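Welcome, and thanks for taking a look at this one. Here is a short briefing to read alongside the viewer, with the points grouped by topic.

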Amino acid sequence: MFVDTHCHFEKQYYDDFENVINNAKESGVNLLIACGCSKSANTEAIDVANTHENIFATIGYHPDQAFIVTDEELIKLEKQLSNKKVVGIGEIGLDYHYDGFDKSKQFELFEKQLQLAEKYNLPVVIHSRDAVQDTIDILKKYHVKGVIHSFSGSYEVAKIYLDMGFKLGINGVVTFKNCNLKDTLIKLSPTDIVLETDSPYMTPHPYRGEKNESKNIVIIAKFLTNLFNISMEELAEITRKNVSNIFDI
Ligand code: NI
């Protein structure tokens, strides 16, 4: 049994959630964590988790919301954390990829949510793009653990995050032909990672260009079994344990 630790269940992406959930089940992906990133996405993630036994939710405000999020919305987020199906805060973090970002605004939003994670002892799902050093520096100020979502960095950076108690979220990016992530992972262990699709994004090779779904966890898993030279059953068991190590599921 596999877990998709990071998928986006939003109506704007999928006409039929049940279809996506059934396809996942049929592929052996039995547990899903719906990830929120905005006000509406957080509500949708909670809704799908509330109505499906095998789905949990993480909620939070993505750095691209840094200009938008109000104090009231953060108060609402804090209230939503008491929902039993909410198992973490995310995705939250820093993103310097696109022009027009404001570092200080992103720091403020990120740290307010890290404070909530500490207060409620919840794991965090970290989005960090082109912002490795600032992400590490800020995370070091807090006693939190969690997942580094869509990890694609070097071995040295991986070690820093692992030493801080994080697992690395590995998705379809690892299967891309031009991706060096496998060179990092080969030096690590399956105990260091959790699997995620980041669906509808990050569709694994050879389906790039199509809409991603949780069922494609098995494509990522197959790739990793070759890399780590272990069986699908072993990878499923190890990564399932890693999920329990982070999330109270
Ligand atoms: Ni995501």
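Strands β7 and β8 run parallel to each other and pair over three bridges. Within that pairing, Gly169 has Val194 of β8 as its bridge partner. Please keep in mind that this is a predicted model.

- β7 covers residues 166–170, and five of its five residues are buried, so the strand is largely enclosed by the rest of the structure.
- Phe166, Leu168 and Ile170 point one way from β7, while Lys167 and Gly169 point the other way; all of them are buried.
- In a regular strand, side chains alternate between the two faces of the sheet.
- β7 also pairs with β6, again in the parallel sense and over three bridges.
- In this second pairing, Gly146 stands opposite Phe166 of β7.

**Nonpolar cores**

- The largest nonpolar core has 71 residues, and the members touching the most others are Leu139, Leu168, Leu185 and Leu224.
- Helix α8 gives the most to this core, with six residues.
- Once neighbours within four places in sequence are set aside, Leu224 is in contact with Ile170, Val174, Leu185, Ile193, Leu195, Asn229 and Leu235.
- There is also a second, separate core of eleven residues, and among them are Val3, Val147, Val194 and Val243.
- In soluble globular proteins, nonpolar side chains tend to be buried together.

- His8 sits in the loop between β1 (2–7) and α1 (17–26), whereas Glu91 belongs to strand β4 (residues 86–95), so the pair ties together parts that are 83 residues apart in sequence.
- Both His8 and Glu91 are buried.

**Backbone details worth a look**

- Ser199 and Pro200 are joined by a cis peptide bond, with omega at about 15°.
- Pro200 is found in the loop between β8 (193–195) and α8 (217–228).
- Another cis peptide bond joins His205 and Pro206, where omega is about 5°.
- Pro206 likewise lies in the loop between β8 and α8.
- Met202 is in the loop between β8 and α8 too, and its phi is positive at about 60° although the residue is not a glycine.
- Is Met202 buried, partly exposed or exposed? Its relative accessibility is 30%, so Met202 counts as partly exposed.
- Ser150, also not a glycine, has a positive phi near 50°.
- Ser150 lies in the loop between β6 (146–148) and α6 (155–163).
- Buried means under 20% relative accessible area; Ser150 has 19% relative accessibility and therefore counts as buried.

Key:
Residues numbered from 1 in each chain as written. Predicted model: local features only at pLDDT ≥ 70, side-chain atom pairs only at ≥ 80, totals over all residues. Heavy atoms only, no water. Helix = DSSP H or I, 4+ residues; strand = E, 2+ residues; numbered from the N terminus. Buried < 20%, exposed > 50% of the residue type's maximum accessible area, 1.4 Å probe, protein only. Pairing = 2+ DSSP bridges. Core = buried A, V, L, I, M, F, W, Y, C linked by side-chain atoms within 4.5 Å. Contact = heavy atoms within 4.5 Å.
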